[in-house]
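Have the viewer open beside you as you read.

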There are 2 protein chains.
Amino acid sequence: MERKTRQRQVILETLRRESRPLNPNEILALAREHIPRIGIATVYRTIREFEKEGKIEPVFIPNKGTYYEIKCAHHHDHFHCRICQKIYEVECPHSAKLSEVGNGFVVEFHEITYHGICPDCKEQTGQR
Amino acid sequence: MERKTRQRQVILETLRRESRPLNPNEILALAREHIPRIGIATVYRTIREFEKEGKIEPVFIPNKGTYYEIKCAHHHDHFHCRICQKIYEVECPHSAKLSEVGNGFVVEFHEITYHGICPDCKEQTGQR
DNA sequence: CGATTAATGATAATCGGTTCTCAATAGTCG
DNA sequence: CGACTATTGAGAACCGATTATCATTAATCG
């Protein structure tokens, strides 16, 4: 039967605290701040479990791989910062309009990924 | 100096004829209809070359990998059919509106991937 | 507190995708 | 037509991501 381990607690806390999609390596690095000897296998195992339990869900970023975020009710899109490489959640202002592309295609859902510079990096690099 | 080989001709023809993004395995399979002994290494080599020459460009589909299409001037989006797994080009009706997400994020470009059923599969499966 | 056994950490194995190696093939040009 | 050499095909090698293995650790419960 399922046990409440420090590793699982820390991984879930990390995903909650960051409130942005994290990939397995990011989760590992952040979790190691609290459990230095945690291994990548535990991260993957815990991800699989949380996903099965419906606690988290995958986010597929084009050309970047799979990230995971706390399961969330409302539809939103994602933003990839080309400086720090972090993924952020952003609001989707067009969900209603994006259910049609015409020409006989049946749209069931869509994903939008924005690319650019995040607020933190904009400030730090002086770019605007 | 650069040589005009049958392999290169067939690969470019294939991408032109299909007029949808193809991944290396799809290119290989279609090219083999004309050159049965063509190998996957040649496909990858030719892709790299065509990309360098600006003839084709990559399309990154979330959770599906990298596809390639003939370089095209106007912005468009992509559609992934969950039945036949093909990727199609579709028009982007919102390009102007999608340059802003607010909150200090600087959007440089975006990608939209639609998922659903393509016209061919809709007809064949009787789904509507 | 123990005993039980689920979970972990380290590492090997696997997997798809892509690149490299090298002998054989085939464009190109004189 | 040759000679030259870029290109090819086949398979090995490589790569990052993910999973499996297994001895050790630690959560749970009587």
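## The largest pocket

The largest pocket has a volume of about 550 Å³. Of its 28 lining residues, P58(B), H75(B), F109(B), H110(B) and E111(B) are the closest to the centre. A pocket here is found on a 1 Å grid over the protein atoms alone, as an open set of points where a 1.4 Å probe fits, with protein on both sides within 12 Å along at least five of seven lines; lining residues have an atom within 4 Å of a point. Grid points are joined across faces, edges and corners, and the volume is the space filled by probe spheres set on the points.

Which strand of chain B gives the most to this lining? Strand 5 does, with seven residues. Strand 1 (56-61), strand 3 (76-81) and strand 5 (106-117) of chain B each supply at least two lining residues. Ala, Val, Leu, Ile, Met, Phe, Trp, Tyr, Cys and Pro count as nonpolar, Asp, Glu, Lys and Arg as charged, and the others, Gly among them, as polar.

## About the model

Please keep in mind that this is a predicted model, where local features need pLDDT of at least 70 and side-chain atom pairs count only at pLDDT 80 or more, while totals for chains, interfaces and linings use all residues. Residues are numbered from 1 along each chain as its sequence is written, chains are lettered from A and ligands numbered from 1 in the order in which they are written, and side-chain values use heavy atoms, with hydrogens and water left out.

## The second largest pocket

About 440 Å³ of space lies in the second largest pocket. Its lining counts 22 residues, and P58(A), V59(A), F60(A), F109(A) and E111(A) lie nearest the centre.

In chain A, strand 1 (56-61), strand 3 (76-81) and strand 5 (106-117) each bring at least two residues to the lining of the second largest pocket. That lining divides into eight nonpolar, nine polar and five charged residues.

## How the two chains relate

Two copies of a chain are related by a rotation about an axis and a shift along it.

## The fold of chain A

Chain A has four helices and five strands. Read from the N terminus, its elements run α-α-α-β-β-β-β-β-α. Helices (H or I, at least four residues) and strands (E, at least two) are DSSP runs, numbered from the N terminus.

The C-alpha trace of chain A spans about 50 × 45 × 25 Å along its principal axes. Of the 128 residues in chain A, 41% are buried; buried means under 20% relative accessible area, exposed over 50%, and partly exposed in between (1.4 Å probe, protein chains only). Among contacts in chain A with a separation of 6 or more, 45% join residues 24 or more positions apart, a contact being heavy atoms within 4.5 Å.

## Salt bridges

Side chains of opposite charge can pair when their charged atoms come close. How many salt bridges does the structure hold over all chains? There are twelve, each a side-chain nitrogen of Lys or Arg within 4 Å of a carboxyl oxygen of Asp or Glu.

In chain A, R20(A) pairs with E18(A), with the closest N and O atoms 3.2 Å apart. R20(A) is buried at 10% relative accessibility, whereas E18(A) is partly exposed at 23%. In chain B, E26(B) and R20(B) meet in a salt bridge at 3.9 Å, N to O, and both are buried. K55(B) bridges to E53(B), the closest N and O atoms being 2.2 Å apart. K55(B) is partly exposed at 33%, and E53(B) is partly exposed at 32%. Shared partners join R17(A), E18(A), R20(A) and E26(A) into one salt-bridge network.

## Two positive phi angles

S19(A) has a positive phi of about 45° although it is not a glycine. S19(A) sits in the loop between helix 1 (6-18) and helix 2 (24-32) of chain A, and is exposed at 53% relative accessibility.

N103(A), also a residue other than glycine, has a positive phi near 60°. N103(A) lies in the loop between strand 4 (87-91) and strand 5 of chain A, and is exposed, with a relative accessible area of 71%.
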